[in-house]
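Dear colleague,

I am passing on the structure below, together with some notes on what was found in it. Please read them with the model open beside you.

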Amino acid sequence: MMRRILCATVLGAALVIGAAATASAQGYVSTDRFGYSGTISRYTNQADALAGTNAVSGSPFAVPARDLGLYMVDGNVGFGGVDYSNSAMFLSAWYLNGGNTPSNANYGFIQQYDVEGGSVTSMNTQWGDAAMTSFSFAVVGGPGAAGCNLAMPMINDCGRLWNAGSPGGSSETTAGVFWGYSLSFNATGLAPATWNPATGVWESNSNPTAGSGTLWALFENTSATDAGSNGWYVANLDIGMTSLYGAESDSYFGSADVVPEPATMTLLATGLAGLAAAARRRKQSTKA
C-alpha cells in the first residue's frame with residue numbers, strides 16, 4: 001500500500017513537470033528593446049562561408065549598434081492570429097522614432113520577414129525562474145523562401161542583409177535568402193508574468209532591465225540590380241541592451257513552459273526518497 005502511495009506521489013509530481021514540458025511549444029516574443037552589433041563577413045561561395053575561409057578583402061566588416069526588432073510566435077493563434085501564428089521575424093528596427101534612426105540605413109541592416117514560419121526548424125520559449133521574471137528564447141532556421149514580395153508575404157520570406165563592403169543603395173541591393181540562422185537570448189528584470197487567458201500562456205508585458213544573446217546567419221545575396229553585391233555573407237552579431245530607441249515601447253514575452261515551483265520539486269524529491277527507503281526496507285525484510 002505504501003509503495004502504491006509513493007508511486008502515485010512520484011507520478012503525480014512528474015506529470016506536473018511533464019505538463020510544463022509538453023506545453024513548451026506555445027509561446028511568443030514581441031520586442032524592440034534589444035540592440036545588436038558585431039561583424040559581417042563576405043565570401044564568394046557557400047563552402048567558404050560555412051568553413052569561414054577565404055573571406056573577401058576587408059572581412060570581417062564591423063556592424064555598428066543597431067536596434068533589433070523581434071516578432072516570434074510559436075503556434076500561438078491567440079497572440080499572432082491565424083496568419084501570424086508561426087511567424088519568425090528579426091530585423092533592424094528602422095521604424096522606431098518615426099524612422100528617424102541610424103537603424104534605418106543600409107549599413108548593418110538585417111531582415112528576415114518570415115510570416116508563416118516555414119524556415120523555422122525549432123523554436124523554444126521558457127520562463128527561467130519560479131517568479132517568472134526571466135525569460136529565455138531560442139530559434140533555429142533553415143532555408144527560407146526566395147523573393148521579397150510584401151503583397152504576398154505568406155510565401156515570401158523577404159530576406160535582406162547589408163552587402164558588406166559595398167556602398168549603400170536601394171533595398172534591392174541587399175535582397176537575398178537566409179540559408180540558415182540561429183538566434184537566442186535571455187531577458188531578465190521583467191515584471192512577473194501573469195496568466196493571459198486569451199493566449200493561454202504566462203505573459204509579461206514589460207521591458208527587461210538586462211539581457212543578452214547572439215544571432216548567427218548565413219545569407220546569399222541574390223540582387224538582380226546589383227550583381228556586384230552577389231555572394232555569401234555570414235553575420236555574427238551580439239544581442240544586448242544597447243538600443244538606440246528600443247525603450248520607447250513595451251515588450252511581450254509569453255510562454256507556457258515554466259520552471260516547476262519549489263514545492264513541486266520538494267514533493268518529487270520526497271516521493272523519490274520515500275520510494276528508495278521503501279525499497280531498502282523491503283530488501284532488508286527479504287534478507288531476514
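**Strands and their pairing**

Strands β9 (175-188) and β12 (210-221) run antiparallel and are joined by twelve bridges, where strands are said to pair if DSSP finds at least two bridges between them. In this pairing, the bridge partner of Phe185 in β12 is Gly213. This is a predicted model, in which local features need pLDDT of at least 70 and side-chain atom pairs count only at pLDDT 80 or more, while totals for chains, interfaces and linings use all residues. Residues are numbered from 1 along each chain as its sequence is written, and side-chain values use heavy atoms, with hydrogens and water left out.

Strand β9 also pairs with β7 in the antiparallel sense, over seven bridges, and there Phe137 has Phe185 of β9 as its bridge partner. With β8, strand β9 again pairs in the antiparallel sense, over two bridges, and Arg160 stands opposite Ala175 of β9. The chain as a whole has four helices and 14 strands, helices being DSSP runs of H or I with at least four residues and strands runs of E with at least two, numbered from the N terminus.

**The interior**

Of the 288 residues of the chain, 45% count as buried, a word that stands for under 20% relative accessible area, with exposed for over 50% and partly exposed for what lies in between (1.4 Å probe, protein chains only). The largest nonpolar core has 36 residues, of which Leu70, Met72, Phe90, Phe137, Leu183 and Phe185 touch the most other members; such a core is a set of buried Ala, Val, Leu, Ile, Met, Phe, Trp, Tyr and Cys residues joined through side-chain atoms within 4.5 Å. At least two residues of this core come from each of several strands, including β2 (35-43), β3 (61-74), β7 (135-141) and β9. Apart from it lies another core, of five residues, among them Tyr43, Ala49, Leu218 and Trp232.

Leaving aside neighbours within four places in sequence, Phe137 is in contact with Val29, Met72, Met123, Asn124, Thr125, Leu183, Ser184 and Phe185, contact meaning heavy atoms within 4.5 Å.

**Aromatic rings**

There are 16 aromatic pairs, counted where rings of Phe, Tyr and Trp (its six-membered ring) have centres within 6.5 Å, with planes under 30 degrees apart called stacked, over 60 edge-to-face and the rest tilted. The rings of Phe79 and Tyr252 have centres 6.0 Å apart and planes at 55°, so this pair is tilted. It links distant parts of the chain, with Phe79 in helix α3 (residues 77-80) and Tyr252 in strand β14, 173 residues apart. Phe79 counts as partly exposed, at 21% relative accessibility, and Tyr252 likewise counts as partly exposed, at 31%. Elsewhere, ring pairs link Phe34, Trp127, Phe135, Phe137, Phe185 and Phe253 into a cluster.

**Two loop residues**

Thr173 lies in the loop between β8 (159-161) and β9 and is buried, with a relative accessible area of 9%. Beyond its neighbours within four places in sequence, Thr173 is in contact with residues including Asn106, Asn163, Asn221 and Asp226. Thr242, placed in the loop between β13 (231-240) and β14 (252-255), is exposed, with a relative accessible area of 58%. Thr242 and Phe34 are 208 residues apart in sequence and 6.8 Å apart in space, C-alpha to C-alpha.

With best regards
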